[in-house]
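Here is a short briefing to read with the model open beside you.

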Amino acid sequence: MDDIQKKILEEVADLHEVPTGAYNIRANGKLDSRRTTDRINIVTKSDQPGIDIIIAPGTKNESVHIPVILSETGLNDLVYNDFYVGDDCDVLIIAGCGIHNCGTQESRHDGIHTFHVGKNARVRYVEKHYGEGDGEGTNVMNPTTVVHLQENSFMQMETTQIKGIDSTARVTKADLAEGASLVIREKIMTHGHQTATTDFTVDLDGAGSSASVVSRSVAKENSHQVFASHINGNNRCYSHTECDAIIMDHGSVSAIPEVTANHVDASLVHEAAIGKIAGEQLIKLMTLGLTEKEAEEQIVKGFLQ
């Protein structure tokens, strides 16, 4: 792995060296390196590009890293990754994709991740997207995440688009059984003429299931974002959906929250707030010696924490 690839790996997976535990590193459409453990197995699919990650029931305090790196311009990478998390697990899964494009062609990664989470299992899933390069080529990422949560399971998704992605269409679909809970925290930054769309669909099928979907985003310069959420309460359940966005320069953001109650005991809440940085916030920081630009940067950084 060269220095460029190592830098991207650090950006998307916080890895400065080979991680402990199980991992699968994909670089430029091919397997770079892999390690399995006694309780976490990683198998290359035979019928399509991608891997199966199989986590044995009862696995606790273990992690698996599955980052993807693209450093060849013009590469179109597509993977199907399936996660099978056994009953009573408690694991951390760290994904992420980074693109370094110094050419004139489009570099693109589409990842379809499907999670099968067993009963009473807990999963924390962290995914970061990052792009860079001084060429005229575009960086495109279109992640699709499908989540099946069995009885009394819990999954927390933390997804972040750091910078440098010219176009992204992010789709998340989830269905929850009895007592299952899903927490999603999304952070997105766009600038230039970049576009980003996110589309969440959550079916609360089981009694006592719950979902919390919160998106925070910043649209700078001439970029455009669309946030759409569809929450379907099909049983006694609770959900809260929230979209908070800051627009700067000529940026624009559309928020389209939708909740549908199909059961008398479904309690569904949605909120959306879009606006510019408050003037009093800027003034307060500028009185401490910051320039207006520095003050804006600090506010945006705090907002996306």
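A residue counts as buried under 20% relative accessible area, as exposed over 50%, and as partly exposed in between. With a relative accessible area of 33%, V43 is therefore partly exposed. Please keep in mind that this is a predicted model.

- To find V43, look in strand β3, which covers residues 40–44.

**Helix α1**
- Helix α1 runs over residues 3–13, and its buried residues are Q5, I8, L9, V12 and A13.
- Looking down the axis of α1, you will find these buried residues within an arc of 105°, so they line one face of the helix.
- The partners that the buried residues of α1 pack against are all strands by name: β1 (22–27), β5 (60–65), β6 (68–70), β8 (90–94), β9 (97–100) and β11 (122–132).
- After α1 comes D14, which has a positive phi, near 55°.

**Helix α3**
- Helix α3 spans residues 292–303, twelve residues in total.
- From first C-alpha to last, α3 reaches 16 Å, close to the 16 Å expected at 1.5 Å a residue.
- Four names to select here are A295, I299, V300 and F303, which are buried in α3.
- Viewed down the axis of α3, the buried residues fall within an arc of 130°, so they line one face of this helix.
- K293 and K301 sit on the other side of α3, where they are exposed.
- The cover over the buried residues of α3 includes the strands β15 (181–190), β17 (209–219) and β19 (237–247), along with helix α2 (279–286).

**Positive phi angles elsewhere**
- N61 is not a glycine, yet its phi is positive, at about 60°.
- N61 belongs to strand β5, one of the strands that the buried residues of α1 pack against.
- The relative accessibility of N61 is 74%, so N61 counts as exposed.
- D88 is another residue other than glycine with a positive phi, near 65°.
- You will find D88 in the loop between β7 (76–85) and β8.
- D88 has a relative accessible area of 39%, which makes it partly exposed.

Technical notes: Residues are numbered from 1 along each chain as its sequence is written. This is a predicted model: local features need pLDDT of at least 70, side-chain atom pairs count only at pLDDT 80 or more; totals for chains, interfaces and linings use all residues. Side-chain values use heavy atoms; hydrogens and water are left out. Helices (H or I, at least four residues) and strands (E, at least two) are DSSP runs, numbered from the N terminus. The expected span of a helix is 1.5 Å times one less than its number of residues. Buried means under 20% relative accessible area, exposed over 50%, partly exposed in between (1.4 Å probe, protein chains only). The arc is that of the directions from the helix axis to the C-beta atoms. Contact means heavy atoms within 4.5 Å.
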